[in-house]
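Below is a short report on one protein model and its ligand. Please keep the sequence and the structure in view while reading.

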Amino acid sequence: MTGKETNKVATNVFGIDLGTSNIKIYNHHENDIIDEKNIIAIEGKNHICAMGDEAFEMYEKAPENINICYPIANGVIADIESMQILFRGMLERSGGRFLRNSKYIMSVPTDITEVEKRAFYDLVHMANVREKKIMFVEKPIADAVGLGLDVNSARGIMIVDVGADTTEISVISLGGIVLSKLLQVGGNHFDDAILLAIKKRENLLIGKKTAEYIKKELTSNDEDAVKAVKVFGRDIVTGLPMEREIRADLVLESIGELLYTIVDAAKMILERTPPELSSDIIENGIYLTGGSSNIVELAKIMARETELDANISKLPEECVVRGIARIIDDKTLDGLVGEINEKIYR
Ligand SMILES: Nc1ncnc2c1ncn2[C@@H]1O[C@H](COP(=O)(O)OP(=O)(O)OP(=O)(O)O)[C@@H](O)[C@H]1O
Ligand SMILES: [Mg+2]
């Protein structure tokens, strides 16, 4: 290896947002973000069949000897072994030829315990990347930076990140979290509710992947909204495969209660926010991020119930990783990242 290459190795930085449903990696050298399903397919004991989007294709289609799993649950690492294999594979896929001696900045949920945080640290450390440093940033902070907001100012910012397993509601000021609430509600729960409603009302059994497809088709478009989609499932009465049309109103009705759970929790946080900060939030509105904020109805209910603007963004699922990318690129934001407290473990 030449001296020049060594230099290049020393400077690469990866930004990582390990979500329940998707893993997003920013590679500073390549100036590129990859966003793939956080899923792995393992045949028998330890033969890796596929990972990422490729493994998702196999979901609900694979024979019994192929185990397909999501190693992150509720925002934290549930299956460390699978996550390690998947993580290493995704780093390589992100064009990470120069993994060694790189810096890794990961986003973590606000209320995480030190043990859970340590699991994120170990994930990188054990991936055999010989890291230079592993650092952390709280997800809502990264979200706000990803939205282009000035998190270091003394202004109150309210972020509602609606992901796949969780919703994180936070109030930020001066680069820190003032108030936060983590709800076990997200896109996966919407999918379950849709699946159940179709089973009850249409006598049709569908898979989770189909439920997610229906949700994306029928809830995310406003102007040229599709009012119905045709899907395949199994008729509960006859037991035969059947094509049926699913209407948007059935879908919205089935997830309505969950949407209100999120909005009610946001209202509760607003009530507890100090007046000086809430005046800023009243002025600027609430910021919705995370893949599930693509559901237009959520912003509508939020705005109606709180009487505030509900701001939505383009590609909200990549907000956190775009924020980490900005933190990496902008030295004035260095203070937003921290290291693990080694003293606790020694
Ligand atoms: N257009 C869309 N309409 C509705 N839901 C969507 C859309 N696009 C993505 N989603 C949902 O967003 C979720 C994924 O969002 P995101 O990537 O923010 O979650 P995550 O970071 O993996 O999860 P978490 O933050 O809970 O760990 C999935 O449940 C997905 O179905
Ligand atoms: Mg997320």
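## Terms and numbering

Helices (H or I, at least four residues) and strands (E, at least two) are DSSP runs, numbered from the N terminus. By that scheme Gly187 belongs to helix α6. This is a predicted model, in which local features need pLDDT of at least 70 and side-chain atom pairs count only at pLDDT 80 or more, while totals for chains, interfaces and linings use all residues. Residues are numbered from 1 along each chain as its sequence is written, and chains are lettered from A and ligands numbered from 1 in the order in which they are written.

## Domains

An automatic or database domain assignment sets the domain bounds. The protein is divided into domain 1 (3-142 + 320-344) and domain 2 (148-312). Their C-alpha centres are 25 Å apart. Domain 1 puts 17 residues into the contact and domain 2 puts in 20 residues; two residues are in contact if their C-beta atoms, placed from the backbone, lie within 7 Å.

On the side of domain 1 that touches domain 2, helix α5 (residues 139-146) gives the most, with three residues. That side has six nonpolar, seven polar and four charged residues. In these classes Ala, Val, Leu, Ile, Met, Phe, Trp, Tyr, Cys and Pro count as nonpolar, Asp, Glu, Lys and Arg as charged, and the others, Gly among them, as polar.

## The shell around ligand 1

Ligand 1 lies between domain 1 and domain 2, because both give residues to the shell around it. There are 23 residues around ligand 1, and Gly19, Gly163, Gly187, Gly291 and Asn294 come nearest. A residue is near a molecule or strand if its C-beta atom, placed from the backbone, lies within 6 Å of it. By class, the shell holds two nonpolar, 16 polar and five charged residues. Both α6 (187-202) and α7 (208-219) supply at least two residues each, and the largest share, four residues, comes from α7.

Gly187 counts as buried, with 27 C-beta neighbours inside 10 Å. A residue is buried if 20 or more other C-beta atoms lie within 10 Å of its own, exposed if 12 or fewer, and partly exposed in between, with C-beta atoms placed from the backbone. Leaving out residues up to four places away in sequence, Gly187 touches Ser21, Gly163, Ala164, Gly291 and Ser292. Ser293 is 106 residues from Gly187 along the chain, and their C-alpha atoms are separated by 9.2 Å.

Ile214, Lys215, Leu218 and Thr219 of α7 meet Ala248, Val251 and Leu252 of α8.

Helix α11 (residues 319-329) is largely enclosed by the rest of the structure, because eight of its 11 residues are buried. Among them are Cys319, Arg322 and Ile327.

## Single residues

Phe14, in strand β1 (residues 13-18), is buried, with 23 other C-beta atoms within 10 Å. Asn203 sits in the loop between α6 and β14 (204-205) and has a positive phi, near 55°. Asn203 is partly exposed, with 15 C-beta neighbours inside 10 Å.
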